[in-house]
Amino acid sequence: MRILVIEDEQELLKSITVYLESNAFICEQASHIYAAREKLAASDYDCIVLDITLPVGSGMDILRELKEAHKSCGVLIISAKGSLDDKLLGLELGADDYLTKPFHLPELAARIHAINRRRVFGGNDLMVLDKLTVNVQDKYVRTEQGAVDLTRKEFELLMYFISNKNRVVTKEAIIDHLWGVHSNMPDNYDLIYVHIRNLRKKMTDRGCPDYIHAVYGIGYRFSIADLPVEA
């Protein structure tokens, strides 16, 4: 998951980022409202960890702008302000959850995961897609023929495809999601091709049809609807 952490307390910003990255999140940071706006204009995120009190502005301003722009990312507010009015306003403006400071970092990560499950997978840890069964929480994949042994990047790639099921995702978007917007990837995308080839092979070797369809000159689409119907 790609996370944008918007927090002006530098020590807390660093602690959150280090912890989330150690738990397989890809994190970017913004310590004031202008940096946050710049990053939100340049890229999409799965979830935003948002402090309400920011220099020269408020996290509520960010929420209003996200709502006006119809952004689909999840939002978890973190704030020392624990009043009911603040919570209600944040939720009314589109936040998914509200965590009052101080908090434990494992709880923060758990709430981010919960937001993603609700938004993308309907709150379920277990998904069944045709011949593929995926446990989002425990990060395992199975078919009728047994477990599919994926690397962490391959699992992240599969989750990205499933999250964007039936939509074309560009190679640039895949790089942005898996390695971050500032990654120094080669222009020929060899690493993307290797990961997709390995993911396809591991799933088809376990009896799955090939759900990943290349869209010439653009990218890929994960689709079960495109599979041929057996006579």
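In this predicted model, helices H6 and H7 pack with their axes 10 Å apart and at an angle of about 125 degrees. H6 is therefore oblique to H7, an angle over 145 degrees being needed for a pair to count as roughly antiparallel. The crossing by which H6 passes H7 is right-handed. On the H6 side, the contact is made by Lys153, Glu156, Leu157, Tyr160 and Phe161; on the H7 side, Ala173, Ile174, His177, Leu178 and Trp179 take part. By class, the residues of this contact divide into 7 nonpolar, 1 polar and 2 charged.

Two residues of that contact lead on to the largest pocket. Tyr160 of H6 and His177 of H7 both belong to the contact between the helices, and both are also among the lining residues closest to the centre of the largest pocket, together with Asp46, Asn116 and Ser163. The space in this pocket amounts to about 950 Å³, and 38 residues line it. H6, spanning residues 152-163, and H7, spanning 171-179, each supply at least two residues of the lining. H5 gives the most, with 7 residues. In its composition, the lining of the largest pocket has 17 nonpolar, 10 polar and 11 charged residues.

H2 passes H3 in a right-handed crossing. Ile33, Ala36, Arg37 and Leu40 represent H2 in the contact, where they meet Asp61, Ile62, Glu65 and Leu66 of H3. This contact contains 5 nonpolar and 3 charged residues, and no polar ones.

H3 in turn packs on helix H4, residues 84-92. Their axes come within 9 Å and cross at roughly 20 degrees, so H3 and H4 are likewise roughly parallel to each other. H3 contributes Met60, Leu63, Arg64 and Lys67 to the contact, while Asp86, Leu89, Gly90 and Glu92 come from H4. The residues here divide into 3 nonpolar, 1 polar and 4 charged.

His70 is found in the loop between H3 and strand E6 (74-79). Although His70 is not a glycine, its phi is positive, at about 55 degrees. The other detail concerns the loop between strand E7 (97-100) and H5, where Pro102 is found. The peptide bond that joins Lys101 and Pro102 is cis, with an omega of about -10 degrees.

Terms used. Residues numbered from 1 in each chain as written. Predicted model: local features only at pLDDT ≥ 70, side-chain atom pairs only at ≥ 80, totals over all residues. Heavy atoms only, no water. 1 Å grid on protein atoms, 1.4 Å probe; cavity = no way out; pocket = protein on both sides within 12 Å on 5 of 7 lines; lining within 4 Å. Points joined across faces, edges and corners; volume = space filled by probe spheres on them. Helix = DSSP H or I, 4+ residues; strand = E, 2+ residues; numbered from the N terminus. Nonpolar A, V, L, I, M, F, W, Y, C, P; charged D, E, K, R; others polar. Axes fitted to C-alpha atoms, helices over the stretch in contact; angles between N-to-C directions. Parallel < 35°, antiparallel > 145°, perpendicular 65-115°, else oblique. Left-handed = near helix turned anticlockwise from the far one by under 90°. Contact = heavy atoms within 4.5 Å.
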